Amino acid sequence: IPTYDDWVLTRTAVERVLETTGEDVAIYIVDNGSRRPVSTVLSSVFAADDRVTVRRLPLNTDFALGCNVGASDAARDTIVFLNNDTAVQEGWLDPLMKTLREDGNAAVQPLLLYGDRTVQTAGTVFLGAMAMPKHLLADVPPLDIDPKLADYEFSALTAACVALRYDDVRSLGGFDTHYVNGMEDV
């Protein structure tokens, strides 16, 4: 979970992961060059929980490199990249892990919802050679989505919440740090 200058959302995101997963989870918060109090607060809040590690980078390296640092620290079989403003729901992790283990899946993401319960993204789609990728079904109520969409294979996902095998992350060299401010998490 990368963060920059925000301990409040990050704390909530981490607490939700801890509340909704088992004991076999490790959370790596990468403080991406925030003012020192941010990492101090996060380190203090989670000091008694050995499942949470806070690493402070001396400057903001942007999302891609921050995630790459977190992935190198994690070095576990499976890595879930998660935005610091994400509030996972009960039962969120098992379906991701099951789908990732299925043949041919290199990465998986859940249906991401906004706070008003409309879709943030159901996947990432490319609408043409010179067009920026778009979030599929943004602002659509989830009940309006065809259930068969769950079986659709996308060429890209968003790292707001995405699960990958560690070996795949490592072999790809992580996120491409040449992309910044909008494309680095696709």
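First, the ground rules. Residues are numbered from 1 along each chain as its sequence is written, and side-chain values use heavy atoms, with hydrogens and water left out. Because the model is predicted, local features need pLDDT of at least 70 and side-chain atom pairs count only at pLDDT 80 or more, while totals for chains, interfaces and linings use all residues.

Let's start inside. The largest nonpolar core has 22 residues. By nonpolar core I mean a set of buried Ala, Val, Leu, Ile, Met, Phe, Trp, Tyr and Cys residues joined through side-chain atoms within 4.5 Å. Buried means under 20% relative accessible area, exposed means over 50%, and partly exposed is in between, with a 1.4 Å probe and protein chains only. Which members touch the most other members? Val14 and Ile27 do. Several elements give two or more residues to this core: helix H1 (7-20), strand E2 (27-32), helix H2 (36-45), H4 and E10. Helices here are DSSP runs of H or I with at least four residues, strands are runs of E with at least two, and both are numbered from the N terminus.

Take Val14. Leaving aside neighbours within four places in sequence, Val14 is in contact with Ile1, Ile27, Ile29, Phe46 and Val52. Contact means heavy atoms within 4.5 Å. There is also a second, separate core of 14 residues. Among its members are Ala64, Ala74, Leu164 and Phe175.

H2 first. Val38, Ser39 and Leu42 are buried in H2. Why do they count as being on the same side? They cover an arc of only 90° around the axis. The arc is taken from the directions that run from the helix axis to the C-beta atoms. On the other side of H2, Arg36 and Ser44 are exposed. What do the buried residues of H2 pack against? Their partners are strand E1 (2-3), H1, E2 and strand E3 (52-57).

H4 is next, at residues 93-101. Its buried residues are Leu96, Met97 and Leu100. Their arc is only 95° around the axis, so they sit on the same side of H4. They pack against strand E4 (78-82), strand E5 (107-108) and strand E10 (161-165).

Those three strands bring us to the sheet. The sheet is open, its order is E4-E10-E5, and the pairing is antiparallel. Two strands pair if DSSP finds at least two bridges between them. E4 and E5 stand at the edges. Each has a single partner strand, so one side of each is left without a neighbour in the sheet. E5 and E10 pair over two bridges. Val108 has Ala163 in E10 as its bridge partner.

Next, a residue beside the sheet in sequence. Ala160 is in the loop between strand E9 (134-135) and E10. Is Ala160 buried or exposed? Buried, with a relative accessible area of 4%.

Thr86 sits in the loop between E4 and H4. It counts as buried, at 16% relative accessibility. Its side chain reaches the backbone oxygen of Asn83 at 3.2 Å. Beyond four places in sequence, Thr86 touches Ala13 and Ala160.

What about disulfides? A search of the whole structure finds zero. The test is a pair of cysteine sulfur atoms within 2.5 Å. For Cys67, the nearest cysteine sulfur is that of Cys161, 12 Å away. Cys67 is buried, with a relative accessible area of 3%. Cys161 is buried too, with a relative accessible area of 3%.

Last, backbone angles. Most residues other than glycine have a negative phi. Asp5 has a positive phi of about 55° although it is not a glycine. Asp5 lies in the loop between E1 and H1, and at 29% relative accessibility it counts as partly exposed. Arg117 also has a positive phi, near 75°. Where is Arg117? In the loop between strand E6 (112-113) and strand E7 (119-121). At 48% relative accessibility, Arg117 counts as partly exposed.

That's the tour.

How values were computed
A polar contact is a pair of N or O atoms within 3.5 Å; within protein, one must be able to donate a hydrogen and the other to accept it, and residues adjacent in sequence count only if both atoms are side-chain atoms.
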